[in-house]
Amino acid sequence: MAFDTLRLEKGLYTTGKSFTGALETLDPSEAYKGTPLEGLDAYQRQLKRFDIRISGPGSSAVEKFFATTDSAALFPEYVARAVRQGMEEADLLPSIVAATTQIDGLDYRSIESVPTDADKELSVVAEGAFIPETVVRTQENLVRLHKRGRMLTASYEAIRFQKLDLFTITLKQIGAYIARTQFADAVNVLKNGDGNNNAAAVSDISGSAVCYADIVDFWNRFSPYSLRTMIASPAMLAKLLQLPEFKDASAGFSFQSTGKMISPIGAELLRSGAVADKEIIGLDSTCALEMVKAGDVTTEFDKLIDRQLERAAITSTAGFAKIFKDASRVLHA
């Protein structure tokens, strides 16, 4: 079936796949190899079909989506993609999440392994002797999932003539809000645990203000894990960056060339208002935190298709679980 003869309807949002996934089933991208449409996914081909331009100087107006019943079905996916783009641009989670698990329901138990000091050392095993075990079991409590989002409130008459590139900026801000809130959820789990008696250990600084010796001691306490990432409030991060040891040339070059702040001990520095002013959260980003997602960005597609924009919710549901308890710690000033 050619992309320009597909019948688009609300049912494509309820197939158990994403809207684009449902379109790809009907109109596979593989069929367009070697054609001018190669490189476009099924949704982008539908935008081309109806001559809807999302960005650039020739950006279409919002009302272009509602020119036909078929093109109106594309609007919720446009909203979800713009919100998702905003989430990705503001997302710090890839720097702290070791694994992401997609689930279909709302109930999920993560796994845990609590090794002793002896378990962390692989001793020589004599012939015929017992081989030490690593016990992996499910957590006692479920991972708590939180629905985060915003209500899009605007009448169709108010936005119908607005250009899509401008409207996209507003939607991306909704995505940025969701990303920051989910990061705050992750920080809370790193510090306080996920309800399974796995809160992070807390170390206090040695004096009245944090110094380089405190950071070195903090780094040393992570063995056998590695301190790969430190998260601090803007105020605390400013104090760290003023320490002489944090002003070395290589760290400064990294910040100037990439915008990434690297500490003298090799840990990536992240700035977040989700951390208390007198605390630093450190973690081994390869094994400290699991993100659990119940679906992707969701929209009230019925309202968006029917132009009932007065109150249309845009949400994302996710939660976090600790993987190894001692892979995250808190330094308190």
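1. Two strands pair if DSSP finds at least two bridges between them. Strands (E, at least two residues) and helices (H or I, at least four) are DSSP runs, numbered from the N terminus. With these terms, Ile280 stands opposite Leu331 in strand E13.

2. The model is predicted, and local features need pLDDT of at least 70, side-chain atom pairs count only at pLDDT 80 or more, and totals for chains, interfaces and linings use all residues. Residues are numbered from 1 along each chain as its sequence is written, and side-chain values use heavy atoms, with hydrogens and water left out.

3. The chain holds 10 helices and 13 strands. Of its 333 residues, 44% count as buried (under 20% relative accessible area with a 1.4 Å probe, protein chains only). Among contacts (heavy atoms within 4.5 Å) with a separation of 6 or more, 79% are between residues 24 or more positions apart.

4. E13 pairs with strand E5 (residues 201-204) in the parallel sense over 4 bridges. Within that strand, Leu331 is the bridge partner of Ser203. E13 is also joined to strand E9 (residues 279-283), by 5 bridges, and these two run antiparallel.

5. Helix H2 spans residues 42-49, and its buried residues are Ala42, Tyr43, Arg45, Gln46 and Leu47. Helix H1 (19-26) and helix H4 are included in what covers them. At the N-terminal end, Asp41 caps H2, with a side-chain oxygen 3.1 Å from the backbone nitrogen of Tyr43. After H2 comes Asp51, whose phi is positive, near 55°.

6. The largest pocket has a volume of about 470 Å³. Its lining has 20 residues, of which Lys17, Ser18, Asp296, Val297 and Thr298 are the closest to its centre. A pocket here is an open set of points on a 1 Å grid over the protein atoms alone, where a 1.4 Å probe fits, with protein on both sides within 12 Å along at least five of seven lines; lining residues have an atom within 4 Å of a point. The volume is the space filled by probe spheres set on the points, which are joined across faces, edges and corners.

7. Which elements give two or more residues to the lining of the largest pocket? They are helix H4 (75-90), strand E1 (99-103) and strand E11 (298-299). H4 supplies the largest share, 4 residues. By class, the lining has 8 nonpolar, 7 polar and 5 charged residues. Nonpolar means Ala, Val, Leu, Ile, Met, Phe, Trp, Tyr, Cys and Pro, charged means Asp, Glu, Lys and Arg, and the others, Gly among them, are polar.

Notes: Buried means under 20% relative accessible area, exposed over 50%, partly exposed in between (1.4 Å probe, protein chains only). A polar contact is a pair of N or O atoms within 3.5 Å; within protein, one must be able to donate a hydrogen and the other to accept it, and residues adjacent in sequence count only if both atoms are side-chain atoms.
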